[in-house]
Amino acid sequence: MSDLEQPMLVRPKRKKIWVDYLVNFRWILVIFVVLPLSYTFYFMTYLGDVWSESKSFKRRQKEHDENVEKVIKRLKERNPSKDGLVCTARKPYIAVGMRNVDYKRARHFEVDLSDFRNILEIDSEKMIARVEPLVNMGQITRVTVPMNLALAVVAELDDLTVGGLINGYGIEGSSHIYGLFSDTVVAYEVVLADGRLVRATKDNEFSDLFYAIPWSQGTLGLLVAAEIKLIPIKEYMRVTYRPAKGNLRDLAQAYIDSFAPKDGDESKVPDFVEGMIYTPTEAVHMTGRYASKEEAKQKGNVINSVGWWFKPWFYQHAQTALKRGEFVEYIPTRQYYHRHTRCLYWEGKLILPFADQWWFRWTLGWLMPPKVSFLKATQGEAIRNYYHEMHVIQDMLVPLYKVADALEFQHREMEVYPIWLCPHRLFKLPVKTTVYPEPGFEEAHRQGDIEYAQMYTDVGIYYTPACVFRGDAFDGAEAVRRMEKWLIENHGFQPQYAVSELNERDFWRMFDGSLYNSCREKYRAVGTFMSVYYKSKKGRKTEKEVREEEQKQLDNVYVELDQPVME
């Protein structure tokens, strides 16, 4: 019997408490404080980006080298016997993810990386972008798209940074071709615990480090630059919206069929894919192909500039296909990349319940979106804990053939809608990495799989569960525990930006730690940088936990180098 056929969980009614009213009227603070601050910050950041882009390559590289020297010097100042574990000086609320950055509330040793936010070079011949870790997606598309170039994987939200997408998790509608964001990186420049600056690629002496860095959360070294694959693009995206109706298994199969041809013909695979499940019986699946300006402007074609502040939010615009039927339109490529930024997928509806109305879009829509870090900085402990219990922001990365099972599980345990679906390849690599495809997947010849990569899907669950809207009780922590158990049993993965309830044993049942732990010891990260589980673990770290983590320090001593060595 499928999960959907099982009876829904019977939940007791929940009494409202004072925090409910704070949440309901939070929009007042957002409109009068968060939105003006966000707009000012975005504008000042834009001016800073323009100034950075105006500098010569030689000057940017000189500043980068000087900043790397400062990082090395700072690391060597650390006294392992009394200073805490190393982490960046970035404030906890600045991270885009919803996980509490609890490790920074304990004793720690800070290294400032705030100056590493420059695009160092766009090499259109080698098709490589060399960037610093705090470069965000909005910044890089503003530079590359006018050149008809783009990163192979451009995460949707403007604020997502290169460093976060590499050390953590990054996906986009092109990931069914190129894999996760980290799969498109060709080289990492990393400052190790002993102060060495190394360049790791898949085929040099630091190849083990190259494969271990993704998903490591910055616990192997400090990333100071990355070289990322570029691809040629065109001015527009030709987007096809296809409605689907039926049960969750029907919706899942329609999603799979939208981008994974059963005959395996790669020429039928679109450039971009995403799906949105609006109810247990309705969905819209979108596919995109790059199109030239000449094609888009041909007579009869519809051009929709979705990025304008007064336009309907993208997920609501896509939903119109349920009534209109299948339709096609052309969207300017950069606006398509960032289609979910203005409304933060659909989270904007919870933050500002009326922000999707025409009168708000036309009068104040230009202030959107609120900056996530400012939302977190102004929410307070009570509201933060409320969201952890009464709200879900999770991603379930599951094999493509198990998408229907994941949807049914989510419906029964969480009942969150809309749901975002985005496929990605999980490549079979020369070594077993933190996340890896199912053993023997290539022998099953399932739809979407190829010999060297298994197709996975991100099932994005971002919203308040329906039971909370009905006034029923919801145990957010228990729901996440059940989801994590399901993922472990089904060879799925949970991105670490989200709130996790995993204990250390189950964490390493979900992820493979063999390569990661080997690199931790080889590159002297043990006792200097936090372990990835320690960093991801929910809850404040006690002084005892800090000391225990520090005492893992290996007996080796720091290597004193006169000059950083680029390998």
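Predicted model: local features only at pLDDT ≥ 70, side-chain atom pairs only at ≥ 80, totals over all residues.
User: What about Q217, what is its phi near?

Analyst: Q217, which lies in the loop between α7 and β8, has a phi near 60°, a positive value in a residue other than glycine, and at 13% relative accessibility Q217 also counts as buried.

User: Switching topic, how big is the second largest pocket by volume?

Analyst: The volume of the second largest pocket is about 590 Å³. Among the 25 residues lining this pocket, S182, D183, T184, F210 and L429 are the closest to its centre, and the elements giving two or more residues to the lining are α6 (175-178), β6 (185-191), α7 (207-212) and β14 (419-427).

User: How do the lining residues divide by type?

Analyst: The lining of the second largest pocket divides into 15 nonpolar, 5 polar and 5 charged residues.

User: Which peptide bonds are cis?

Analyst: The bond from M368 to P369 is cis, with omega near 0°, and P369 lies in the loop between α14 and α15; the bond from Y417 to P418 is cis as well, with P418 in the loop between α17 (403-413) and β14.

User: Which residues make the nonpolar surface patch?

Analyst: Y39, F43, M44, Y46, L47, V50, W308, W309 and W366 make a nonpolar surface patch of about 880 Å². W366 is in the loop between α14 (358-364) and α15 (372-377) and counts as partly exposed, at 39% relative accessibility.

Terms used
Residues numbered from 1 in each chain as written. Heavy atoms only, no water. 1 Å grid on protein atoms, 1.4 Å probe; cavity = no way out; pocket = protein on both sides within 12 Å on 5 of 7 lines; lining within 4 Å. Points joined across faces, edges and corners; volume = space filled by probe spheres on them. Helix = DSSP H or I, 4+ residues; strand = E, 2+ residues; numbered from the N terminus. Nonpolar A, V, L, I, M, F, W, Y, C, P; charged D, E, K, R; others polar. Patch = residues over 30% accessible without salt bridge, like charges linked within 9 Å, V, L, I, M, F, W, Y side chains within 5 Å. Areas by Shrake-Rupley, 256 points an atom, 1.4 Å probe, with all protein chains shown as cover. Salt bridge = Lys/Arg side-chain N within 4 Å of Asp/Glu carboxyl O. Buried < 20%, exposed > 50% of the residue type's maximum accessible area, 1.4 Å probe, protein only.
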